[in-house]
Amino acid sequence: MSSSEPALTTVWPGTAYPLGATYDGAGTNFSLFSEVADKVELCLIAKDGRETRIDLDEVDGFVWHAYLPTITPGQRYGFRVHGPWDPAAGHRCDPSKLLLDPYGKSFHGDFDFGQALYSYDLEAEDLATGGTPPMIDSLGHTMTSVVINPFFQWGSDHAPRTPYSETIIYEAHVKGMTQTHPGIPEELRGTYAGLGHPAVIDHLKSLNVTAIELMPVHQFMHDHRLLDLGLRNYWGYNTFGFLAPHYQYAATQHAGGAVAEFKNMVRSFHDAGIEVILDVVYNHTAEGNHLGPTVNFRGIDNAAYYRLMDDDLRLYRDFTGTGNSLNPRHPHTLQLIMDSLRYWVLEMHVDGFRFDLASTLAREFYEVDRLSAFFDIVQQDPVISQVKLIAEPWDVGEGGYQVGNFPGLWTEWNGKYRDTVRDYWRGEPATLGEFASRLTGSSDLYEATGRRPGASINFVTCHDGFTLNDLVSYNEKHNEANGEDNRDGESHNRSWNCGVEGPTDDPQIQALRHQQMRNILATLMLSQGTPMIAHGDEIGRTQQGNNNVYCQDSPLSWMDWTCKETNADVLEFTKKVTALRKAHPVFRRRRFFDGEPIRTGDQVRDIAWLTPSGQEMTHNDWNSGFKFVGVFLNGEAIPEPNSRGERVIDDSFLLCFNAYAKPMDFVAPDGDYAEQWTAVLDTSAARGATEVVVKAGETISVPARSVLVLQKSG
């Protein structure tokens, strides 16, 4: 039978596992979980829109299934679930809705957001919590699931498995990274094929990037409200298909084509030694609250998939600010999350995950629980426990800010690092001790749980908030284009515009802004932990002060590649400082500093904190409000061996951080530190170049608002 012919002659019992639609080379097994259903129909959709319904009579453990030996890749399908419509009991079955497969590996079409998608009368929204559904068929108004061909020639592809201590992460958006790139063929821009193009990979390699972290590529929905405003859900944090690559990012638009294209992209990155990490959104779905459309989970088994209000099961508990929260306390919901993660590792070959609003997944009842079922099952899973696991360690619920509180396997976006570094370079009177802790890997957050510096994903900017250029160009957000009267987005940005809000022709302010960008990039790359760069920061891209471009699928949010020329100094500096980090293990130690002497009787420590006079800081110095600090890093005091068990010996360095608005004299320490130092990085120079040499005991002037890096040379 071809995929366009709905006629059917053979139905076999099939199996309950695997869930979803699984083509085995001959036919396809279909399987759907629903504990609440009285009846489930598999719906085969022809290209002309005709529908053939097949009763799934086989049920095992609330899993409804059948095997169709004539169904091959490209077949479009959905389900209709018959059962109770009883919102007061948490049930919202509506067989008039063609439901998408929660395990669908590809989707096709679009949503029109008309009445047909909703199980209540849009003219009487109060009926969303009760009443009788209007029973308008959603076929033709919703997307369809697509059977895929799972077979792919991976060849010699293998995971790079880069240790955290050697990792530099680059956060990117598939479309934003490629939409205007002049080196990518026009037909490939905005796609997986474009992202895997040599023009992009060569750029990342020049930055010494070892991992690309992709903003959501799971199949997502554009919000009806945004479409009405002429906007789109650009970021993609609105998932409904956790096993499918977003098909609109595929250059090949035929049904199921996104899967092979995504795999080709991953293989290209792996060939270049670059890992692929996915930003995943298992905390909520695109169906929203009780006023949202019914596209899959709500109509399949609402009470199983969602957290409902204990005192009113018609309503949804919302820890995410999106209208609903997935319910990982239910075994089948937890299974969906784990099956999805394993699928992306085993079948799509990705190397790790960044979990959006990860605290939501850890809420067993209401409070965040470090011993939740989700963490337990991840800990013992032989596949997922071996890839990179990165938490965004907060959500919008009470007690949701959990930086430093995730279990041992996990690394975390270190929000405290971001805030501290921003404050330091804008001249806030934050304690120097906080800055020192963040610079050395945040042992106060991670050491107690047996983690190492790599657990701290250090970042100053990311997709959410100002770009690096805007961080030093705006004091206030400018989100008017989002249609929310500038109410959306973070208002407390810890930014500094260097004296003028927004664009300016003043050469002194322009120079200062570039220097501040270099200061932040240098701090990021010289800090212990795992650094993350936001895409475009290396070329100083701007969003014109918009710190919440979630709805801006436009040049405002896309990479402006002409910045490679206009901000060539920023790009060259980024390459220089990432190369410095890559070349020297003293900047990326696998273990925390202990501050102790190298040998008994030797007073030279693995790290020392120095005042402008070159003396070790005292307790009073730490509390003096200093905005200058010198840091000695001893390359001969790295205790951990390399992967072959060999001792690691590196050069020693002096780092001078001066956040004052005036130059500061610094005395190179004498004694056992070094006889002579040579400057290898100076953020006051447009491209970080310098040739300064200073001997022990001599004084060097550290320019205002700058980082100076001195390397032992004698």
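Contact means that heavy atoms lie within 4.5 Å. The structure is a predicted model, in which local features need pLDDT of at least 70, side-chain atom pairs count only at pLDDT 80 or more, and totals for chains, interfaces and linings use all residues. Residues are numbered from 1 along each chain as its sequence is written, and side-chain values use heavy atoms, with hydrogens and water left out.

**Exercise 1.** Describe the surroundings of Thr 28.

*Solution.* Step 1: locate the residue. Thr 28 belongs to strand β2, residues 28-33; strands (E, at least two residues) are DSSP runs, numbered from the N terminus, as are helices (H or I, at least four).

Step 1: determine its accessibility. Thr 28 counts as buried because its relative accessibility is 0%. Buried means under 20% relative accessible area, exposed over 50%, and partly exposed in between, with a 1.4 Å probe and protein chains only.

Step 2: list its contacts. Leaving out residues up to four places away in sequence, Thr 28 touches several residues, among them Ala 21, Tyr 67, Ile 71 and Val 147.

Step 3: examine one partner. Thr 28 and Ile 71 are 43 residues apart in sequence, yet their C-alpha atoms are 5.6 Å apart in space. The side chain of Thr 28 also reaches the backbone oxygen of Ile 71 at 2.8 Å.

**Exercise 2.** Identify the salt bridges of Arg 354 with Asp 356 and Glu 392.

*Solution.* Side chains of opposite charge can pair when their charged atoms come close. A salt bridge is a side-chain nitrogen of Lys or Arg within 4 Å of a carboxyl oxygen of Asp or Glu; this rule gives 32 salt bridges.

Step 1: apply the rule. Arg 354 meets Asp 356 at 3.3 Å, N to O, and the closest N and O atoms of Arg 354 and Glu 392 are 3.1 Å apart.

Step 2: Arg 354 lies in strand β19 (residues 352-355) and Glu 392 in the loop between β20 (388-391) and β21 (411-413), so the pair ties together parts 38 residues apart in sequence.

Step 3: check burial. Arg 354 is buried at a relative accessible area of 0%, and Glu 392 is buried at 7%.

**Exercise 3.** Which residues touch the most other members of the largest nonpolar core?

*Solution.* Step 1: define the set. A nonpolar core consists of buried Ala, Val, Leu, Ile, Met, Phe, Trp, Tyr and Cys residues joined through side-chain atoms within 4.5 Å.

Step 1: name the residues. In the largest core, of 162 residues, they are Phe 262, Leu 278, Phe 353, Phe 355, Phe 374 and Phe 657.

Step 2: find the main contributor. Helix α13 (residues 507-526) gives the most to this core, with nine residues.

Notes: Polar contact = N/O pair within 3.5 Å; in protein donor to acceptor, adjacent residues only side chain to side chain.
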